[in-house]
Amino acid sequence: MDFVDLPPLLSAKGVVRLPGSKSISNRVLLLAALADGQTEVRDLLESDDTARMIDALRLLGVVVESLGDRAYRVHGVAGKFPCRQAELFLGNAGTAFRSLTGALALAGGHYTLTGVARMHERPIGDLVDALRQLGADIRYLGNEKFPPLEIRPSAIRSGGVLQVRGDLSSQFLTGLLMALPLTGVETTVEVVGDLISQPYIEITLATMARFGVQVERQGWQRFTLPAGHAYRSPGVVSVEGDASSASYFLALGAIGGGPLRVEGVGRDSVQGDVRFADALALMGARVERGPNWIETAGPLQGKLHGIDLDCKHIPDAAMTLATTALFAEGATTLRNIASWRVKETDRIAAMATELRKLGAAVEEGADFIRVTPPHSSFLTPPAGIDTYDDHRIAMCFSLAAFANTLRINDPGCVTKTFPDFFARFAAVTQPVPVIAIDGPSASGKGTVAARLASTLGWHYLDSGALYRLTALACRRAGVTWDDEAATATIAAGLDVVFGENSIRLSGDEVNDAIRDEEISSGASQVAALPAVRDALLFRQRVFRRAPGLVADGRDMGSVVFPDALTKVFLTASVEVRAERRHKQLIEKGIAASILPLLLDLRERDQRDSQRSVAPLQQSEDANLLDTTDLTIEQAVSQVLSWSKQGA
C-alpha cells in the first residue's frame, strides 16, 4: 500500500503478544550457524531483517530449516562456512551487516557485502579499522568508511589488544566480539570513547554466553575473550519478545487510558529497552511489571507531563517518547541520541520534520531533540507522515492517531521488524465510531443521517455535497475546474461544517449556493479528476472526530469507512421517493410535476447502479432499511437500535 489512514482513537486497552526481538534473533541465528551442533530456534522474529540474515547464511552453506510457527533448526558449521565465496545482499539490516562483516573477515573466504542505498550511507569504518588490526583484508567498493565491502582471504594475526570506537554505534563492538571466538586465542578489546547503547552489548554478551562463550569485562571499556573459546549449541533457544516494539504499545496504554499489557518481555528481560517503561512512569503513566509482561495505563489524574531524559540506555525505544510527547503537558527533551543520525535514516532530522507537520515546536541538535506539543488540536496533513523507509518512524507516529485521522505513507516499511503491526495496533485500540448511510437518490438518507447526528450529538458528513463545495470553493478562489492539481489542493483543505439544515463553507452558509445549476455542472467536472477524488477520500475521513460521525453518501461503508460501527442501505419505492422530492421542491417555491420527477429517478437509479465507479449497491454487511412506509422518526429509531447492537 502507498499509505494507510488510521482512524482517530478514543482509547487503547487489551493484551499484545510481542514478535521476537530483532536484536536477539539475528544474534542467535549467526551464533547458531557458527556453533558446533544443531540449534532449534523458537519464537524467531520473521521480518525483512531476519530474512536477510537467513538468506545470507544459506548462501554461505549453512542449513537453516523452517519448522513452522516461527521455529527454525540451524545446522552449525563449527566456525567454518562451507562456501568460501559468496555475494551477499543484506538490504538495510544493520544487525546482519555488521555482525556478518566481523565473522566473514575471519573466515578466510572471498565475499562481497552490499545493501540498499541507505545501508551504503551507514558508516562501518570503525569496525573495519578494528578488524584490520587483526590482519583482515577488507576493501571499500564505494565511499571510504561505508559499505559495500569486499572481504578477501587473509592471514589473521590472532590475540593481543584491539581498539574500537564506541561512541557512534554499539553494533561495531557487537560485530567484533561475536567474531573473535573464531580465532581461538585470548583477545582483548578496548573501547575508545564512551560506549553508547550499552544495553545492546549486554544482549550480545548474554547471547554469546548461551552458546558457551563467556566474555570477561572491566566496566564498559575493556572486554577479554579467553583462549580456547568456541561456540557450542545449547540445543534449544527461545527468543524474547522485542522490547523496542513493546514501546509503541506501552505508550498506547499510557496515552489511551489502558490498561494495556505486552507479553514477551518483563522485569527479567535481558533487553535494555524494557526501561522505556521507566520513562513513561516519569511522565506520569502507571506501570506494572511481571517476569514476562509489562502493563501501562494513563495517569489517575490529569495528563502525562514532559520530561528531560538521557536516552543512551534506550536509544531505539526513545523515538516513541518523541511522539508520546505530543500528548504531554510541557516540553520533552531527549538527550544522548546521536546514534539516531546513522540509523535507517537520519532519525533526528526525520522526526523533527514530521512532528512539525502535526503542529509541534521542535528543536534539534547533534545529539538531542526537544518537542513542545501543539497548544491546540493537531494538524492533519493531507500529504501524510513520511516514513523514510524506516520502520520505527511508521510505528511511533501511529500514536498521533489519538488526535485526528492520520495518514502514514509507505506503511509496508514495518515488515523490517513487525510485519503485522497495524493489525495488532487495531486490535487494542477503539476508534471513533461511524454510522454509514447509503441509498438511492431521494431515499431520505440525508435527512435521516442529519437527524441521527443531531440526536446522538455526533458530527455529520454529507459526502455528496463535497464535490459541489469543491466547485464553489474553486470558483471563489479563481481556480478553473480543469486545473487538477489546484482543485485537488482546494478539495483537501475544504473548511466545511455540516448541520441538520445547514452547510457552511469557510463560515458562510452555502446550502442554496451549491444547488446552483452552474455549480452542479462544475461538480460533475471536478468529480472526474482522479486527484480530486483521492483528496476528498482523505478529507472525508477527517470528518471522523469524537464522539462520533454519521456519514451519508456513496461508498461510505465500503471504501471511506470500511470499519463503520453500523452500515445502513436506505431505500424506498421510486413512487414514494418522487413524492418526497416533489414536496421538497414545492416547499422551496419551485414549480414541479410528479411524472418528470418519477422518470428522472428511474433513469438515475439505472445509471447509478451500472456505472463503473462507485455503483449504487447494498454491501453485504449493510442493514437494509425500506422507508416507504416509515416516518423520519421511525427510520432514525431503527438505525439507533442497530447502532446500539453493534456498539
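Leucine 57 makes contact with Leu29, Leu30, Ala33, Val62, Val64, Phe81 and Leu100, once its neighbours within four places in sequence are set aside. The model is a predicted one. Leucine 57 sits in helix α2, which runs over residues 48–59. Its relative accessibility is 0%, so leucine 57 counts as buried, the cut-off being under 20%. One of its contacts is Phe81. Leucine 57 and phenylalanine 81 stand 24 residues apart in sequence, and their C-alpha atoms are 8.7 Å apart in space.

Step back to the whole chain. The protein chain has 647 residues, and 56% of them count as buried. Its secondary structure comes to 21 helices and 33 strands. The C-alpha atoms fill a box of roughly 100 × 50 × 45 Å along the principal axes. Take the contacts between residues at least 6 apart in sequence: 73% of them join residues at least 24 apart.

Now to a sheet. Four strands make up an open sheet, in the order β4-β5-β3-β14, with mixed pairing. The edges are β4 (63–68) and β14 (236–238); each has a single partner strand, so one side of each is left without a neighbour in the sheet. From one strand to the next, the twist averages 20°. Strands of a sheet pair through backbone hydrogen bonds, parallel or antiparallel. Here β3 (residues 38–42) and β5 (residues 71–75) take the antiparallel sense, over four bridges. Glutamine 38 has histidine 75 of β5 as its bridge partner. Helix α1 (residues 22–34) packs on this sheet and touches β3, β5 and β14. The direction of α1 makes about 35° with that of β5.

A helix pair comes next. Helix α3 covers residues 94–105 and helix α5 covers residues 170–179. Their axes come within 8 Å and cross at roughly 40°. α3 and α5 are therefore oblique to each other. The crossing of α3 past α5 is right-handed. On the α3 side, the contact is made by Gly94, Thr95, Arg98, Ser99, Gly102 and Ala103. On the α5 side, Gln171, Phe172, Gly175, Met178 and Ala179 take part.

Further along, look at a hairpin. Three residues join β22 to β23 in it. Strand β22 spans residues 361–364 and strand β23 spans residues 368–372. The two pair in the antiparallel sense over four bridges. Valine 362 has valine 371 of β23 as its bridge partner.

Helix α13 is next. It holds 12 residues, 445–456. From first C-alpha to last, α13 reaches 16 Å, close to the 16 Å expected at 1.5 Å a residue. Its buried residues are Lys445, Val448, Ala449, Ala450, Leu452 and Ala453. The cover over the buried residues of α13 includes the strands β26 (434–438), β27 (459–462), β31 (549–552) and β32 (566–571), along with helix α21 (632–646). Glycine 457 follows α13, with a positive phi near 75°.

Helix α15 (residues 484–492) also has a buried set: Thr487, Ala488, Ile490, Ala491 and Ala492. Among the elements that cover the buried residues of α15 are the helices α14 (466–477), α16 (517–527) and α17 (530–542).

Last, the backbone. Most residues other than glycine have a negative phi, and most peptide bonds are trans. Which residues does a cis peptide bond with omega of about 5° join? They are proline 147 and proline 148. Proline 148 is in the loop between β8 (137–140) and β9 (149–152). A cis bond also runs from alanine 546 to proline 547, with omega near 10°. Proline 547 lies in the loop between α17 and β31.

Positive phi values close the tour. Aspartate 389 is not a glycine, yet its phi is positive, near 55°. Aspartate 389 is in the loop between β23 and α11 (391–397). Buried or exposed, or in between? With a relative accessible area of 45%, aspartate 389 is partly exposed. Serine 506 is not a glycine either, and its phi is positive at about 55°. The loop between β29 (502–505) and β30 (508–509) holds serine 506.

Definitions and conventions. Residues numbered from 1 in each chain as written. Predicted model: local features only at pLDDT ≥ 70, side-chain atom pairs only at ≥ 80, totals over all residues. Heavy atoms only, no water. Expected span 1.5 Å × (residues − 1). Buried < 20%, exposed > 50% of the residue type's maximum accessible area, 1.4 Å probe, protein only. Contact = heavy atoms within 4.5 Å. Pairing = 2+ DSSP bridges. Axes fitted to C-alpha atoms, helices over the stretch in contact; angles between N-to-C directions. Parallel < 35°, antiparallel > 145°, perpendicular 65-115°, else oblique. Left-handed = near helix turned anticlockwise from the far one by under 90°.
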